[in-house]
Each structure stands twice: as C-alpha cells, then as structure tokens.
Amino acid sequence: MEVRIYTDSSRLPEMQYRNFFHSKTLMMTYEQTKRHKPYMVVAFEDNVIVAHMMAVRRNGKCRIFGEGEYAEGTDREAVFNAMLSALTKTLHFPTLYIQVSDLSRKMFAYRYFRRLHYFPIQWLEAHNSLHSKNPKDRITKTHLRKVAYARKMGVATSLVESKEDFDEFYRTTRHYYNYSLRKFCPTKKFFDSLMNTEEGKLFISWYNGRPIATCALVCTENENSLEGMDAFLWFGAYKTKSHPRLHPDVITIWNVMNWCYSHGINHFRFMDVGLPFFKNSYYEFLLSFGCKSVGTNRWFHFFPGVLNWLLRKIFR
C-alpha cells in the first residue's frame with residue numbers, strides 16, 4: 001500500500017467525494033482561508049485509490065473530522081492506520097497536537113491508535129433523528145413556549161442569499177466569537193466560499209429588522225448513517241444576553257431543524273458538544289430538543305514526544 005499526502009488541491013488525483021469534510025471543495029476553501037493548511041491523505045493499492053482522508057491545521061492544532069472515505073471491500077481500520085501513521089510522521093513542530101474526532105464507532109481502530117501513541121479523552125456527541133419522527137414530537141413543552149413567544153414577537157429565520165444578508169451574518173458571527181476564548185471564527189472569505197457550495201447553508205434570524213442569531217450548516221452524505229444526507233451545525237452565534245426573552249438560540253435552532261426536516265435530512269447533528277462534565281449547560285440545552293446523546297472518544301497526539309508520553313500516562 002502506498003500513501004501520499006497532498007497540500008495543494010490542484011495536484012489531487014481524480015476521485016469521488018461523498019463526505020464534504022473530506023472533499024476537494026472544503027480543501028480549496030481552507031486553502032483560501034488565513035492560518036489554515038489542509039492535508040489530503042490518499043491511500044493507493046496497485047495504483048488504485050482505496051481511501052482518502054482530510055486533515056486541517058490551524059495555529060499549530062490539527063484536526064481530522066471522521067475517518068475519511070473508503071472503497072467497498074476495504075479493510076477500513078488497517079487503511080486508516082496507514083494514513084494516520086503517514087500523517088503523524090509528516091506533521092511535526094510547530095504542530096502542537098493532532099485531534100481525531102467524530103469517528104463512526106467508539107472503538108474504531110482502537111489498537112492502531114494505541115500503536116501510534118495516541119490517547120483517548122471521553123467526549124459527548126448529540127443528534128436529532130429526523131427520519132423517524134417529527135421534531136415537534138421530541139421538543140420539550142418549555143422550548144415550545146419559547147418558540148411560540150419568539151414567533152409572536154416577529155422573530156423569523158431565513159437563508160442567507162443576498163450580499164447585505166451575508167454582511168450582517170458575518171458581522172454578527174464574528175462579534176459573538178470575539179468574546180469567546182474557546183471558539184474561533186474563520187475569515188469572511190471562508191463563509192463566503194461555504195455559502196457558495198452545494199453543501200453549505202447559512203441562516204440568520206431577524207427581529208425588527210436586526211439580526212439576533214446566525215448559524216452555519218453543512219448538509220452532506222455520512223457513511224456512518226442511513227442513505228441520504230445529514231446536517232451538521234458547524235457554527236452558531238446567538239444574542240441571548242441582549243435579547244434574553246426572545247431566546248435567539250432556541251428559535252434559531254428550532255427553525256433550522258424544521259428546515260432540515262422539510263428537506264428530507266436524516267439527522268441533525270451538533271458538533272463539539274463538549275466534555276462529559278457533571279454539569280454541561282450546552283448538553284442539557286440540546287437534550288431539550290429531544291436529542292440523543294452518545295459517549296465517544298476523541299484521540300490526541302501531542303508534540304513533542306515527551307509531552308505526549310506524559311499525557312498518555314494521565315489519560316490511560
């Protein structure tokens with residue numbers, strides 16, 4: 001087996017993409033975004049592509065979302081091991097760490113992660129199944145009252161389609177993320193590129209002609225789900241402090257979730273729910289929409305090796 005790593009999308013070989021997070025489209029978007037460097041890892045057997053996986057590095061932190069895409073009949077774990085091994089050897093200082101998240105199974109490639117000296121940290125994931133039941137049958141009565149009040153006051157959510165709406169979307173999103181130490185807002189060009197893809201959807205909620213919430217959604221095929229599309233809530237900004245009675249977070253997520261339901265989306269997935277602390281307010285908030293929670297692992301590898309060795313001892 002041969003593994004090649006590409007950092008220039010124009011040099012990529014011809015191959016099919018089903019998952020947006022491992023696509024040439026997203027790689028090109030990252031190439032145009034400051035402080036981001038994408039890596040497309042491609043595995044070949046007898047000069048035939050059997051798998052590919054994309055990672056992106058930002059400010060020394062590298063993340064892989066899922067295990068990538070594979071041809072039918074491929075030993076997914078063994079090929080994933082080869083691709084991850086090649087990427088780990090390629091990334092070095094100034095990379096601080098590699099993070100692998102949103103795997104199809106909690107125990108996926110467990111032994112291979114251990115062999116490559118990765119260590120797991122327990123994480124939470126949450127999603128709402130739209131294919132089996134109307135979201136109205138899952139949401140709590142408290143949230144429904146908040147939605148009804150916000151609609152009575154004239155709050156409405158719409159797709160971002162015009163330049164004026166896009167400018168308001170980015171201004172609101174950037175302002176929200178500037179006050180969050182743990183979150184990062186990409187450049188305006190990133191969201192513009194995302195909006196112009198088939199998979200990217202930008203939403204904005206209005207009250208009296210002013211934006212009170214935004215969210216960025218990705219609708220893509222997901223090999224770990226049913227046939228069809230899943231929606232991933234990637235970025236969200238809500239003016240809950242300046243408009244507490246309108247509950248911008250509740251009405252916006254609810255309207256976007258119903259948009260997905262009406263467009264035949266299978267699952268509405270929340271990204272980066274957080275650690276399984278005893279009190280996780282965001283996690284409790286999501287459960288009010290009737291979301292299903294899943295405990296999973298995120299795998300990490302730190303540089304240099306001494307730091308990674310110490311963290312492996314702590315997070316056995």
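Colleague: What makes the largest nonpolar core a core, and which residues have the most contacts inside it?

Modeller: The largest nonpolar core has 35 residues, and Leu217, Leu233, Ile253, Cys260, Phe268, Phe270 and Phe289 have the most contacts inside it. A nonpolar core is a set of buried Ala, Val, Leu, Ile, Met, Phe, Trp, Tyr and Cys residues joined through side-chain atoms within 4.5 Å. Buried means under 20% relative accessible area, exposed over 50%, partly exposed in between (1.4 Å probe, protein chains only).

Colleague: What is this based on?

Modeller: The model is predicted: local features need pLDDT of at least 70, side-chain atom pairs count only at pLDDT 80 or more, and totals for chains, interfaces and linings use all residues. Residues are numbered from 1 along each chain as its sequence is written, and side-chain values use heavy atoms, without hydrogens and water.

Colleague: Why is Thr252 called buried?

Modeller: Its relative accessibility is 0%, so Thr252 counts as buried. Thr252 sits in helix 7 (residues 248-262).

Colleague: What does Thr252 touch, beyond its neighbours within four places in sequence?

Modeller: Thr157, Ser205, Ala213, Cys215 and Tyr238. Contact means heavy atoms within 4.5 Å.

Colleague: What makes the link between the side chains of Thr252 and Ser205 a polar contact?

Modeller: The distance is 2.7 Å. The definition asks for a pair of N or O atoms within 3.5 Å; within protein, one must be able to donate a hydrogen and the other to accept it, and residues adjacent in sequence count only if both atoms are side-chain atoms.

Colleague: How does the reach of helix 4 (residues 141-152) compare with its expected span?

Modeller: Helix 4 has twelve residues and reaches 16 Å from first C-alpha to last, close to the 16 Å expected. The expected span is 1.5 Å times one less than the number of residues.

Colleague: Which residues of helix 4 are buried, and how do you know which side they are on?

Modeller: His143, Val147 and Ala150 are buried. They cover an arc of only 65 degrees around the axis, which puts them on the same side of helix 4. The arc is that of the directions from the helix axis to the C-beta atoms. On the other side, Lys141, Arg145 and Lys152 are exposed.

Colleague: What do the buried residues of helix 4 pack against?

Modeller: Helix 7 and helix 8 (281-287).

Methods
Helix = DSSP H or I, 4+ residues; strand = E, 2+ residues; numbered from the N terminus.
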